[in-house]
Amino acid sequence: MIHSRLPLRRALLSVSDKRGLVELARSLDAQGVELLSTGGSARCIRDAGILVTDVSEHTGFPEILDGRVKTLVPWIHGGILGRRDKEEHQEQMREHKIAPIDLVCVNLYPFASTVASGADAETCVENIDIGGPAMVRAAAKNFAHVAILTDPAQYDGFLEALAKGGSTLSERRRWAADAYAHTARYDSMIARWFAEQTAESEAEALLPPVLTLAGERGDLLRYGENPHQQAAFYRDGSQRPGLATAQQIQGKALSYNNLNDTDAAFEAVAEFEGPSVVIVKHANPCGVASADTLENAWKAALRCDPVSAFGGIVALNRPLDQATAEQISKIFTEVIVAPDADDGAKEVLSKKKNLRLLLTGGVPDAQAKGLAFRSVSGGFLAQSRDHGHVTPESLKVVTKRQPSEQEMADLLFSFRVAKHVKSNAVIYVKNQATVGIGAGQMSRVDSARIAARKSEDAARAAGEDTALTVGSVAASDAFFPFADGLESVVAAGATAVIQPGGSIRDQEVIDAADKAGIAMVFTGMRHFRH
């Protein structure tokens, strides 16, 4: 019969992360629990004046092979795995002088941080824990009789249970589940590292035959895209600046859609070097601008589509200042995300109780490599992140007219925006600010026309008589399959166009550009975003 609460006689404490270790050991010692430990953990406990027995003394077997073997012995694993409700197990433990271990508190060698530090392969291999995962898995398997702790965040809950007479079966089952997740994540990191070490190509390193993934759940969200869907946010441990590193300064809890849109906005604003602002609605930018100050960038971005900006997400690539915060606060905004914010900005936004302010501590590298995922029936798709980046040197002018210096700067800007707009995408830009965005249409012609029409609405909102697209440049995320798409762009008032090229009708499109007297450049790079 398994008791509802497990009494504690002996505990094995051996941790890499020593946060809370001394406090845990002191509490256990005060209740007469015998403490076993190894290496640095034993020294830490002993230095705090707490009685602790080294595992080698307990087992009568020394640590060997530079510490590679210290807990991989029957006197440890027998003590963990022995069933208290099975007399045959108890007889064998008595026969071999194996003392039961009721608590195992273990977390693992810092493999991920060792790799991240740039350590050589030999050092990384030496930071692959063997004894730790074996003890964790053994204790988790025998959760009916043994408690397993793998995270300092669990210590307080365990001590509360101990004060009531011991942990319950349901508590130990939950800690066992956490333990297997802990070792699975650890093995996943090691498997990915080995795949990179042994890959014969960049593609194989990024996409190995078996792709293992692990994430730590952050928040359970109220619901997903719709109220009947469940959702949560998971961190993958990469520490890419953004949602995973963000501190929420104020505002309501973030929803699934808030998080998705905020990520889209912050990744987009990371494309630009100067002070820049991106406004996103339903994962699509509705205004993007760079300027000499964030305040001016905000005004230019808002001018593109003030209607869609209402209730949107605002991302900045510089610390938010008070002047910009005052301007943004004039309209309803769901989320502002920035690397930081000054005290004046925080004070201004504090009056908007529901507005969420996220400070990430940095801006992601738009050209960094990584993976992107999408679920499909029976599995998922994985691809490298779209970190493509065009430069003036990579462009090919294909028309008789060369773009001017200002047009070239705006063409590059517009193509960076196109990378973050749902396909089919057509973007109009003037003076480093979007003036029309057409997103997610089945026809590229429709995207061009929708963006132009919205620019007319924006012009009226700004008290101007001429559509904002007149005198702009235009970007297309993929090639124009026919000349009609280009002709729509020309009709909107664009004077230069940037597109990937590669259509069998490229010459037809080039001829239409020459006939209209506009400049056109090919990038050779497509930016579909489905």
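This is a predicted model: local features need pLDDT of at least 70, side-chain atom pairs count only at pLDDT 80 or more; totals for chains, interfaces and linings use all residues.

A: β18 pairs with strand β23 (residues 519-522) in the antiparallel sense, over 2 bridges.

Residues are numbered from 1 along each chain as its sequence is written, and side-chain values use heavy atoms, with hydrogens and water left out.

Zooming out a bit, β18 and β23 belong to an open sheet of 6 strands, in the order β18-β23-β22-β21-β19-β20, with mixed pairing. The edges are β18 (396-397) and β20 (434-438), each of which pairs on one side only.

Now for the helix on this sheet. α20 lies across β22 (496-499) and β23, and runs at about 150° to β23. Angles like this go from 0 to 180 degrees between N-to-C directions, using axes fitted to C-alpha atoms, for helices over the stretch in contact.

α20 also has a helix partner. Two packed helices are described by the angle between their axes and the distance between the axes. For helix α19 (residues 483-491) and helix α20 (residues 506-516), the angle is about 25° and the axes are 8 Å apart. α19 and α20 are therefore roughly parallel to each other; the cut-offs are under 35 degrees for roughly parallel, over 145 for roughly antiparallel, 65 to 115 for roughly perpendicular, and oblique for the rest. Their crossing is right-handed, that is, the near helix is turned clockwise from the far one by less than a right angle.

Who does the touching? On the α19 side the contact is made by A483, L486, E487 and V490, and on the α20 side by E508, V509, A512, A513 and A516, with contact meaning heavy atoms within 4.5 Å. Sorted by type, the residues of this α19–α20 contact come out as 7 nonpolar, no polar and 2 charged. For that count, Ala, Val, Leu, Ile, Met, Phe, Trp, Tyr, Cys and Pro are nonpolar, Asp, Glu, Lys and Arg are charged, and the others, Gly among them, are polar.

How values were computed:
Helices (H or I, at least four residues) and strands (E, at least two) are DSSP runs, numbered from the N terminus. Two strands pair if DSSP finds at least two bridges between them.
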